[in-house]
Amino acid sequence: LWNSLKDFADVVVVAPASEQSAVSMSTSIRSPLRLTKIDWGDKASIWSVSGTPSDCVKLALNVVVSRKPDLVVSGINRGTNCGRNVLYSGTVGAAIESVVKEIPAAAFSCYDYHEPDFESAGKHIPAMVEYLIEHPLPKGTLLNVNFPERRYGPLKGFKMASQGKEYWGEDPDKRWHPSEQDHYFWLGMKLMEGLEDPESEIVWLKQGYATAVPIHINDLTDRHHLEAKKKPFEEFFSKKFANDGA
């Protein structure tokens, strides 16, 4: 990600020191954080954080950078972050943390987990950043970008799409601990697929396109349910209080 943007923008890197998959927006509030300057040469500003992606954004904005960034980019993740996996993703979690701080953000991921083509994906990221600068995202919205698997051949193009339904479900593997004399589990994962909307990211990714999904997190209220059930909800509890008291 840094290589793709270092000649295009003034880049500061604040990244986790270790693997942080599936931590979502987890924040370290019960353990100290170590912020370490990393020497990459070329006057690069590179920092390592002994915490989560969300921690990285918090420390970057409050400790490392002296001005509000124009954009926060997260990734490039090894493995898909499409469908409902955005709820678990640490990569997307960093972007959400940025949007919560009212800074535009984009998350980037390669569908391939074992052999992700970071170099090919990186070639397209400057254009994506340029687009986001020229076409600002609405307040409270991030852009979640995924690149397709190598097996579909050369990238066919880009599609702005809706979020898919696919996600990684659990696949517990029960094992025996000989010294403790009890069982333990590797949670494991298996891909949970289903019927997808033709315009969803999942469908386009399987056709060899990169996808960009605008994800809005500013207000999670189910407005339809609020409007439909506000009156019966309040009437129900009004009667309860009238009959039973506080």
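**Close-up views of a predicted model**

The structure holds five aromatic pairs (rings of Phe, Tyr and Trp, the last by its six-membered ring, with centres within 6.5 Å; planes under 30 degrees apart count as stacked, over 60 as edge-to-face and the rest as tilted). The model is predicted, so local features need pLDDT of at least 70 and side-chain atom pairs count only at pLDDT 80 or more, while totals for chains, interfaces and linings use all residues. Residues are numbered from 1 along each chain as its sequence is written, and side-chain values use heavy atoms, with hydrogens and water left out.

**View A. Ring pairs link Phe 233, Phe 236 and Phe 237 into a cluster.** The ring centres of Phe 233 and Phe 237 are 4.9 Å apart and the planes are at 50°, so this pair is tilted. Phe 233 and Phe 237 are four residues apart in helix H7 (residues 223–244), about one helical turn. Helices are DSSP runs of H or I with at least four residues, strands are runs of E with at least two, and both are numbered from the N terminus. For Phe 236 and Phe 237 the centres are 5.0 Å apart with planes at 80°, so that pair is edge-to-face. Phe 233 is exposed at 52% relative accessible area, whereas Phe 236 at 46% and Phe 237 at 37% are partly exposed (buried is under 20%, exposed over 50%, partly exposed in between; 1.4 Å probe, protein chains only).

**View B. Helix H5 (residues 125–134) has buried residues Ile 125, Pro 126, Met 128, Val 129 and Leu 132.** These residues lie on the same side of H5, because they cover an arc of only 160° around the axis, taken from the directions from the helix axis to the C-beta atoms. Their cover includes helices H1 (2–5) and H4 (118–122) and strands S4 (72–78), S5 (105–110), S6 (141–147) and S7 (158–160).

**View C. The largest nonpolar core has 16 residues.** Such a core is a set of buried Ala, Val, Leu, Ile, Met, Phe, Trp, Tyr and Cys residues joined through side-chain atoms within 4.5 Å. Ile 76, Phe 108, Ile 125, Leu 143, Val 145 and Phe 147 have the most contacts inside it. Two or more residues each come from S5, H5, S6 and strand S12 (210–216), and H5 gives the largest share, four residues. Another core, of 13 residues, lies apart from this one and includes Ile 96, Val 99, Ala 105 and Leu 142.

**View D. Asn 144 lies in strand S6.** At 0% relative accessibility, Asn 144 is buried. A polar atom of its side chain lies 2.8 Å from the backbone oxygen of Asn 81. Beyond four places in sequence, the contacts of Asn 144 (heavy atoms within 4.5 Å) include Cys 82, Val 86, Glu 201 and Ile 215.

**View E. Glu 193 lies in the loop between strand S11 (189–192) and helix H6 (201–205).** Glu 193 is exposed, with a relative accessible area of 53%. The side chains of Glu 193 and Lys 206 make a polar contact at 2.9 Å (a pair of N or O atoms within 3.5 Å; within protein, one must be able to donate a hydrogen and the other to accept it, and residues adjacent in sequence count only if both atoms are side-chain atoms). Not counting residues up to four places away in sequence, Glu 193 touches Glu 166 and Lys 206.
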